[in-house]
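Subject: Structure handover

Hello,

Here is the structure for you to take over. My notes on what was found follow below it.

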Amino acid sequence: MPSIVSRGKTVQQALDIALEMLETTKENVFIEIMEQESRGLLGLGAKQAVVRVTLKEPPVVQEGTDSENIEQALESIRLYTGYEKKIPGNRIDGKAEIEGDLAGKVWIQEGVIRCMDVPNQYPLITPMKNVVLFKNGVQIEKTTTVTERDTFNVEFKEECQPPVWNLSLDDKKMTAVLELQPGFKRTHYLKDQSPGIHLLLSVDEVITPLFIEMQDVLNELEALGVCHGIVHEQIAAACNALAPGSFVVARGQEPLQGTNGYVKPLFQSDEEQRVMPKEREDGTIDFREIKQFPSVREGVVIALVVPPEEGTPGIDVTGNQVPPEPVYDLHLKLGEDVSLLEDGSKIVSLKPGRPRLFHKNRMSEIAIVPKLVHGSDVDLLSGNIHFQGDVEILGSIQDGMRVEADGSVTVRGNVNMAHVNAGQALWVHSNLISSVISVGKGSAVTAQLHPLLSELDEKLDLLRNAVIQISKATAFKATDFEKKGLYPLIKVLLQGKFKLLLEKIYEFNKIISEGTDEAHWIEYGAALRKAFLNPVSSSLNQIKDLDYLYEETRKLLHSVQTQEQDHVSCQFAYALNSSVYCQGDVYIQQGCYNTKLYSGGMLSVQDYLRGGDYYANEGIRVSEVGSVGGGMTKLRVPADAEIHIGKAMEATIIQVGKQVRQLTQETAHVRARLDKDGILRLV
Amino acid sequence: MFRYKLSADSDHSMLSIEGDIDIDGTELIEDEITPALMQYSSVTIDMGEVMFVDSSGIGLLIKMIETLKEEGKTIKMKFIRPEVNEVFEMLQIQDIIGNEVFDN
């Protein structure tokens, strides 16, 4: 039973005080006199009376459901358990939502800290991260007590980031793009918690997006002069976007391009005639029959002239008209034996022959190529043939004879130890035996010089770099360059590091001197000699001389590899001990023995290649390469092309770009190419 | 330009070069040193005091070593400074005059 100890002048006084404090009467208490008062002597030593008063029984709780009754009841309980007087402040809310025993506890409701006091037991709160807690005006960072007398404030940091946006037009003023980084507002609030004796205060955050205003966007568009092609849905999307992005808010209309004037042939053009062989699964080659050359009678419409068609202008976002690209009229050159009808729309042949249309830059040329048909063999009796047109030989071309034609050459028989030069195409129905063939611009010499030129191109570049590097070395003096030029240094390089280059230069020179009358080779050969084979007065005095030589090499190599011409091709059944140069594709219906071949296009071989050296600029496709016990067969392509072989015997040498591999055993399904790291792959 | 010291005991000679091996040393190498070295069966070239070379100098050096080797002499080069060795390596001198000249 709780008791109270009170003092007074007299026991009665002490008792009265106690009863008043307990708000009760004598009947409900036990009384203990602990000390009687004493008067002392002469006013000194006077002592007060001390009385202990103890409540007899707990008071009776009154019945009733109204809050007044509950209040009273709660008050009584409080009276029973503690002596604190009720003080307004952190009042308890009488609503029934709060559950559980509340005395001596603290709780958070709707973001407010509340508590109910009891004596000798103080609930505690600890502010956690992001909670800036003030108790009675003072910031508290550690755990602290909570009483109804205390006033608590929690401060929150509010983060606000406005949206960032930017409107820009592209160069052509065809689109207006809105770049947007949406904004947001981050607010915190104190989390509600149920009653406890020690609460850890924590916060929750709410992120609300901040959007841009459509009117602001429209105003900016106006400021930029945008008045056409505004895409309102995109603007709306941007004004509601939660994630950063780009929005095309205005789009112009691109102009519709027209077409230039052109010639529409009514015969199969050279380009259409180019056919690629098919590769069967077993690796063998199958090429469809190459069609014959087109041929027309006189008085036939061979082509139509299509006039240019203007395009339609577009509109940019600022409302300006965007003109289409200009269209050009056709530049037409009428060649031999053709005529343009008066209305300018049709071209007619005036003689029988092969129609030929080709394009160079912006010029189109159309003509009928005259044809010479030679009824028998070309031999000593008939004499050599030179013709500015097509030649068809119904027999063979015999030993030592020469046939030269600007157009195409067709031979029904063989070519035996003879020379054939065709400007455009060569079709030999049978075989080439020990002959020299050249089709297109360039020549057989080109076939031999091209690989060397390729190597020179590469090595000269390396040589340049080596000279520059050595010049920069710390211990190297460039003092003698003035007196003696670069040659002393190059001489040392040609002895050691660039020994191979010197060998190639000798080889190159030999081939040129042995016989070619082509100016570009002769000039280049002379330049090489002057630079490297002339110790006394080499042309290489400064680095720029070496640069110049390298440039010339590059240019020559480039022009050899990319001769401009309409489609050139060469076709035959079989070649033995021959030299074949063709600027374009080469189709071989059987195969070759021991032949040197250069193709500026694709080399397709139905059956085999045995012995010899074969280069094709665009790739090689062959069913079988090499022979048991035979000599080497070398196949070469540039770095960006591939070699496909159905079955390759050992002693086959494969070169792709600079990578060379010799097969040491029979290999099937070879697909030689360089992978992305430049490594030569064979399968 | 460079200075040199030639010392020998019976068959073996030691050639110490001090300075730059360059075009100015042409007569020195061709007319004085090469003939002088002919009388010995082996020579060690001390390159410790050689700082700079030019292309003519390198050419002269190579020619001298090749000439001596043709006569059956054994040549060794020692104490080559790293900067000079850098130039030798860029030119792949060892492929021209032989690896054994550099073996120590």
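Leaving aside its neighbours within four places in sequence, which residues is A:Ser578 in contact with? They are A:Leu432, A:Ile433, A:Ser434, A:Ser435, A:Asn594, A:Thr595 and A:Lys596. Please keep in mind that this is a predicted model.

A:Ser578 itself sits in the loop between strand E41 (569-576) and strand E42 (579-582) of chain A. It counts as buried because its relative accessibility is 4%, and buried means under 20%.

Chain B

Chain B has four helices and four strands. Along the sequence their order is β-β-α-β-α-β-α-α. The chain has 104 residues, of which 47% count as buried. If you take the contacts in chain B between residues at least 6 apart in sequence, 74% of them join residues at least 24 apart.

Where chain B meets chain A

The interface involves 23 residues of chain B, in contact with 19 residues of chain A. On the chain B side, B:Ser55, B:Met90 and B:Leu91 lose the most area to chain A, and together they make up 33% of what that side buries. The two chains bury about 1,800 Å² between them, with 64% of it on carbon and sulfur atoms.

Six residue pairs are in polar contact between chain B and chain A, counting pairs with both residues at pLDDT 80 or more. Four elements of chain B each supply at least two residues of the side that touches chain A: strand E3 (42-54), helix H2 (55-70), helix H3 (82-90) and helix H4 (93-97). H2(B) gives the largest share, six residues. By class, that side of chain B has twelve nonpolar, four polar and seven charged residues.

Strand E3 of chain B also pairs with a strand of the other chain: two bridges join E3(B) to strand E40 (residues 476-477) of chain A, and the two run parallel. In this pairing, A:Phe476 has B:Val53 as its bridge partner.

Side chains of opposite charge can pair when their charged atoms come close. Between chain B and chain A the count is two salt bridges. One of the pairs is A:Lys477 with B:Asp22, whose side chains meet at 2.7 Å, N to O.

Salt bridges elsewhere

Over all chains, the structure holds 26 salt bridges. Several in chain A are set out here.

- A:Glu458 and A:Lys658 form a salt bridge, with the closest N and O atoms 3.9 Å apart. This pair links distant parts of the chain, 200 residues apart: A:Glu458 is in helix H6 (residues 444-472) of chain A, and A:Lys658 is in the loop between strand E48 (652-656) and strand E49 (659-662) of chain A. A:Glu458 is partly exposed, with a relative accessible area of 27%, and A:Lys658 is partly exposed at 49% relative accessibility.
- A:Glu404 and A:Arg402 meet through their side chains in a salt bridge at 3.1 Å, N to O. A:Glu404 counts as partly exposed at 22% relative accessibility, and A:Arg402 counts as partly exposed at 31%.
- A:Lys676 and A:Asp677 meet in a salt bridge between their side chains at 3.8 Å, N to O. Both A:Lys676 and A:Asp677 are exposed.
- A:Glu159, A:Arg186 and A:Glu205 are joined into one network by salt bridges that share partners.

Two further places in chain A

How many of the nine residues of helix H8 (residues 487-495) of chain A are buried? The number is seven, and the helix is mostly covered. The buried residues of H8(A) are A:Tyr487, A:Pro488, A:Leu489, A:Ile490, A:Val492, A:Leu493 and A:Leu494.

A:Asn130 is found in the loop between strand E6 (124-127) and strand E7 (132-135) of chain A. With a relative accessibility of 44%, A:Asn130 counts as partly exposed. A:Asn130 and A:Lys157 are 27 residues apart in sequence, and their C-alpha atoms are 8.0 Å apart in space.

Regards

Conventions
Residues are numbered from 1 along each chain as its sequence is written. Chains are lettered from A and ligands numbered from 1 in the order in which they are written. This is a predicted model: local features need pLDDT of at least 70, side-chain atom pairs count only at pLDDT 80 or more; totals for chains, interfaces and linings use all residues. Side-chain values use heavy atoms; hydrogens and water are left out. Contact means heavy atoms within 4.5 Å. Buried area is the accessible area (1.4 Å probe) that two parts lose on being put together, summed over both. A salt bridge is a side-chain nitrogen of Lys or Arg within 4 Å of a carboxyl oxygen of Asp or Glu. A polar contact is a pair of N or O atoms within 3.5 Å; within protein, one must be able to donate a hydrogen and the other to accept it, and residues adjacent in sequence count only if both atoms are side-chain atoms. Ala, Val, Leu, Ile, Met, Phe, Trp, Tyr, Cys and Pro count as nonpolar, Asp, Glu, Lys and Arg as charged, and the others, Gly among them, as polar. Two strands pair if DSSP finds at least two bridges between them. Buried means under 20% relative accessible area, exposed over 50%, partly exposed in between (1.4 Å probe, protein chains only).
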